[in-house]
Amino acid sequence: GGYMVRCPAHNDKNPSLSVSDDDSKTLLHCFAGCSQDAVIDALRNKGLWEMNGSTNGAAPVAPTHPPIIVDKYNYLDEGGRLLSQVLRYHPKDFRPRVPVDGGWRQGSGCLDGVRHVPYRLPEIMNEDAIVFVEGEKDANALMDLGVIATTKAGTASGWPEGWGQYFKGKDVYVIPDNDKAGRTKAKTVVEALHGIASAV
């Protein structure tokens, strides 16, 4: 949810400054002990923080670079063939694309006619227990720990038609994001798998 960078307020050899966003605010914390005011002053001196005239005094300079791809999530069929890919950008954004003739089809409607499958389908096919999480990043983090996990691409509500086949007879653990939208999506998964999965 953020970054560790070298603190500009002291001679920082190893990144000790935590930088993250909370809605419209930028949160800074130096683990070496520099005050927030000292960090902001140092950023301002480097031209990385500007006065915005509001009552809270300062705001970070808006980035001038285009969005940067920070991760790629492949959606594969049972045999490992690439069906689609979701690109994760910074600032946080997600955009799908589909492989076509050695290139990519992107933009609105690029997924029309493309088969939708759970994330990491080849890994979940022969497992008896699966964790269903909110997004690909969480699924990858659990897989790195040896826990078989999956998710559904995109933010659209509802349950894709025919997806029961992938979870039939399995124990499915549903972990929602800790917000209303996350709980709503988790409820959809639980209801869709009731009577299909061995246990939810």
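**Notes on the predicted fold**

1. Strands here are DSSP runs of E with at least two residues, helices are runs of H or I with at least four, and both are numbered from the N terminus. Two strands count as paired if DSSP finds at least two bridges between them.

2. Before going further, please keep in mind that this is a predicted model, in which local features need pLDDT of at least 70 and side-chain atom pairs count only at pLDDT 80 or more, while totals for chains, interfaces and linings use all residues. Residues are numbered from 1 along each chain as its sequence is written, and side-chain values use heavy atoms, with hydrogens and water left out.

3. On confidence, pLDDT is the predictor's own score for each residue, from 0 to 100. The protein averages 87, and 88% of the residues score at least 70. The stretch to treat with care is residues 53-57, where pLDDT stays under 50. For that stretch the model has two contacts (heavy atoms within 4.5 Å) beyond four places in sequence. Where pLDDT is low, the predicted coordinates should not be read in detail.

4. Isoleucine 69 faces tyrosine 89 in E7. On from there, a hairpin with two residues links E7 to E8. E7 and E8 (residues 93-100) also pair in the antiparallel sense, over five bridges, and arginine 88 has phenylalanine 94 in E8 as its bridge partner. Seven of the nine residues of E7 are buried; buried means under 20% relative accessible area, exposed means over 50%, and partly exposed is in between (1.4 Å probe, protein chains only).

5. What covers the buried residues of helix H3? In H3 itself (residues 136-144), the buried residues are Glu136, Ala139, Asn140, Leu142 and Met143. They line one face of the helix, because they fall within an arc of 165° seen down its axis; the arc is that of the directions from the helix axis to the C-beta atoms. After H3 comes glycine 146, with a positive phi near 90°.

6. Helix H1 (residues 36-45) has Val39, Ile40, Ala42 and Leu43 buried. Seen down the axis of H1, these fall within an arc of 160°, so they too line one face. Asp37 and Asn45, on the other side of H1, are exposed. Glycine 47 follows H1 and has a positive phi, near 80°.

7. There is also an open sheet of three strands, ordered E11-E10-E12, with parallel pairing. E11 (149-150) and E12 (171-174) are the edge strands: each has a single partner strand, so one side of each lacks a neighbour in the sheet. E10 (residues 129-132) and E12 are joined by four bridges, and phenylalanine 132 stands opposite valine 174 in E12.

8. Lastly, the cysteines. How many disulfides does the structure hold? It holds zero, a disulfide being a pair of cysteine sulfur atoms within 2.5 Å. For cysteine 30, the closest cysteine sulfur is that of cysteine 34, at 3.8 Å, which is too far for a bond. Cysteine 30 is buried at 4% relative accessibility, and cysteine 110 is buried with a relative accessible area of 2%.
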